[in-house]
Amino acid sequence: MSITTTQLTRAAGISAVVAGLLFICVQINHPALTLDFITTTEFALRQSMKVGFSVLALVGITGMYLSQVRKSGVLGLVGYLILAAGFGIMLTVEVAGLVVLPAIVHTAPGYVGDVIAVATNQAAAGDIGLMKPLSLLGGVTYMAGGLLFGIALFRANVLARWATVLLAVATPLSLAIPLLPWVNQRLFAVPTGIALIALGYSLWRQQRSPVSPASSPAQPAGVR
């Protein structure tokens, strides 16, 4: 069985759809991050969903970029690389949260508490090493990359344009979280999730669209 570019692109579209669904579902009734919650099965399940989201989102945006690499230009390349870095850092942080924090929560509760504080946009009381700058870099690349990549997708005009606009607007909206403390910050993930679902479906649908007869090269008379 041969694997074609069309099949890979459709798989990337499906990956983006699943990533968007995971990003939204993991926010539903999400408990507050506490030391006790870190040790629960629910925490492990939700962290696994976040890891899956990061991987699938990275696959999805890669398919989106490669499907229109000539049309998106330099802006598309820059936006893709920055956003890919954002999802890559997110993957690193979520994997650490899944496998490291539960293992040290009883022996180093102060450190875990400070990591939780940084994750919830609060000040850490102690030193958590490179976790703080890594989280900050992840947030910056996620927001800047989403904005630039969304603009590049809009200009390329290949995928659903309303979804490209939503991606460009939704990712930088995370900047408003500290200014709106009365709003559940997890709500800010919903628009990005919707954008990924729509863009993934648009990419998948585009690849299954049959080639119109008018676009097929004409065959010379007598050729069979």
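The structure is a predicted model, in which local features need pLDDT of at least 70 and side-chain atom pairs count only at pLDDT 80 or more, while totals for chains, interfaces and linings use all residues. Residues are numbered from 1 along each chain as its sequence is written, and side-chain values use heavy atoms, with hydrogens and water left out.

The chain contains 9 helices and 0 strands, with helices (H or I, at least four residues) and strands (E, at least two) taken as DSSP runs numbered from the N terminus. Of the 224 residues, 37% are buried; buried denotes under 20% relative accessible area, exposed over 50%, and partly exposed in between (1.4 Å probe, protein chains only). Among contacts (heavy atoms within 4.5 Å) between residues at least 6 apart in sequence, 73% join residues at least 24 apart. The accessible surface of the chain, from the Shrake-Rupley method with a 1.4 Å probe and, for residues, only the protein chains shown as cover, is about 12200 Å², and carbon and sulfur atoms account for 68% of this area.

A nonpolar core is defined as a set of buried Ala, Val, Leu, Ile, Met, Phe, Trp, Tyr and Cys residues joined through side-chain atoms within 4.5 Å. The largest such core comprises 28 residues, and those with the most contacts inside it are Phe53, Ile61, Met64, Phe87, Tyr142, Phe149 and Leu199. Two or more residues each come from α1 (5–25), α3 (41–67), α4 (69–99), α7 (131–156), α8 (161–170) and α9 (189–208). Helix α9 contributes the most, with 6 residues. Phe87 touches Phe53, Ser54, Ala57, Leu58, Ile61 and Tyr142, residues up to four places away in sequence not being counted. A second, separate core of 11 residues includes Phe37, Val105, Val115 and Ile116.

The count of salt bridges is 1, given a side-chain nitrogen of Lys or Arg within 4 Å of a carboxyl oxygen of Asp or Glu. The side chains of Glu42 and Arg46 form this contact, at 2.9 Å from N to O. Both residues lie in helix α3, 4 residues apart and so separated by about one helical turn. Glu42 is partly exposed, at 33% relative accessibility, whereas Arg46 is buried, at 11%.

On the surface, Phe154, Val165, Val169 and Leu173 form a nonpolar patch with about 300 Å² of accessible area together. Patches consist of residues with over 30% relative accessible area and no salt bridge, like charges being joined within 9 Å and nonpolar side chains (Val, Leu, Ile, Met, Phe, Trp, Tyr) within 5 Å. Phe154 is located in helix α7 and is partly exposed, at 33% relative accessibility.
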